[in-house]
Amino acid sequence: MFRQLYISALCYLGFGIDIDHNGPYPAFMLSNLEPYKFVFRGKQFLSIESLFQGLKYRDIAQQNRVFEKVGIDAKVRRPRSNWQASQTLYWQGEPMGRHSKEYKDFIDEAYAALAANSDFCEALLATGNKCLYNSYAKTNSSKTVLTAKEQCKALMRLRKKLKDSTP
């Protein structure tokens with residue numbers, strides 16, 4: 001609760017943007033639930049949430065079914081997974097440790113693939129130099145595939161790369 005109030009105050013004062021699928025532009029456009037078409041490692045996705053939710057499944061067919069969902073459907077309309085017990089996520093049957101450098105690089109690669117979507121890029125660049133927050137996302141990396149901090153850092157790294165590559 002204190003975290004949400006603190007972030008709300010920072011955003012109200014103009015120091016940041018709180019990513020929220022019910023928030024104002026550009027905040028809602030940066031939500032993992034926002035439907036964006038993009039291709040990642042040869043697979044088409046309709047939202048980045050479906051990518052992250054699908055990583056919970058070792059079975060490739062089951063994972064691909066989750067990959068076909070959009071936003072909140074990928075999050076709530078899927079079979080249960082026990083990935084938290086092993087802290088292992090999967091890409092097409094290949095395991096990745098949840099806390100590994102490999103997984104951190106995977107997150108950056110996924111967001112870079114999403115950046116091929118011009119609407120997403122436009123929204124990300126519209127944040128200017130403001131710090132990004134997500135007061136609604138989980139903070140314990142053992143209980144979620146992407147914490148608020150991981151999401152925001154990945155987005156800010158990507159924003160910097162986009163700005164640096166723009167003449």
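Student: What makes both faces of strand E4 (residues 88–91) count as covered?

Tutor: In this predicted model, Thr88 and Tyr90 on one side of E4 and Leu89 and Trp91 on the other are all buried. Buried means under 20% relative accessible area, so with buried residues on either side both faces of the strand are covered.

Student: How do you know that E4 and strand E5 (residues 94–97) pair?

Tutor: Pairing requires at least two bridges between the strands, and E4 and E5 have 4 bridges, in the antiparallel sense; therefore they count as paired. Within E5, Pro95 is the bridge partner of Tyr90. The two strands form a hairpin with 2 residues between them, and Gln92 in the turn has a positive phi of about 50°.

Student: Why is Phe15 called exposed?

Tutor: The cut-off for exposed is over 50%, and Phe15 has 53% relative accessibility, so Phe15 counts as exposed. Phe15 lies in the loop between helix H1 (2–12) and strand E1 (16–18), and together with Tyr12 and Leu13 makes a nonpolar surface patch of about 440 Å².

Student: Which residues have the most contacts inside the largest nonpolar core?

Tutor: That core has 38 residues, and Leu51 and Tyr111 are those with the most contacts inside it. Among the elements that each supply at least two residues of this core are E4, strand E2 (38–40) and helix H6 (101–114), and the largest share, 7 residues, comes from H6.

Student: What is Tyr111 in contact with, leaving aside its neighbours within four places in sequence?

Tutor: The partners of Tyr111 include Asn32, Ile48, Phe52, Phe120 and Leu158, where contact means heavy atoms within 4.5 Å.

Key: Residues are numbered from 1 along each chain as its sequence is written. This is a predicted model: local features need pLDDT of at least 70, side-chain atom pairs count only at pLDDT 80 or more; totals for chains, interfaces and linings use all residues. Side-chain values use heavy atoms; hydrogens and water are left out. Buried means under 20% relative accessible area, exposed over 50%, partly exposed in between (1.4 Å probe, protein chains only). Patches are made of residues with over 30% relative accessible area and no salt bridge: like charges are joined within 9 Å, nonpolar side chains (Val, Leu, Ile, Met, Phe, Trp, Tyr) within 5 Å. Accessible areas come from the Shrake-Rupley method with a 1.4 Å probe; for residues, only the protein chains shown count as cover. A salt bridge is a side-chain nitrogen of Lys or Arg within 4 Å of a carboxyl oxygen of Asp or Glu. A nonpolar core is a set of buried Ala, Val, Leu, Ile, Met, Phe, Trp, Tyr and Cys residues joined through side-chain atoms within 4.5 Å.
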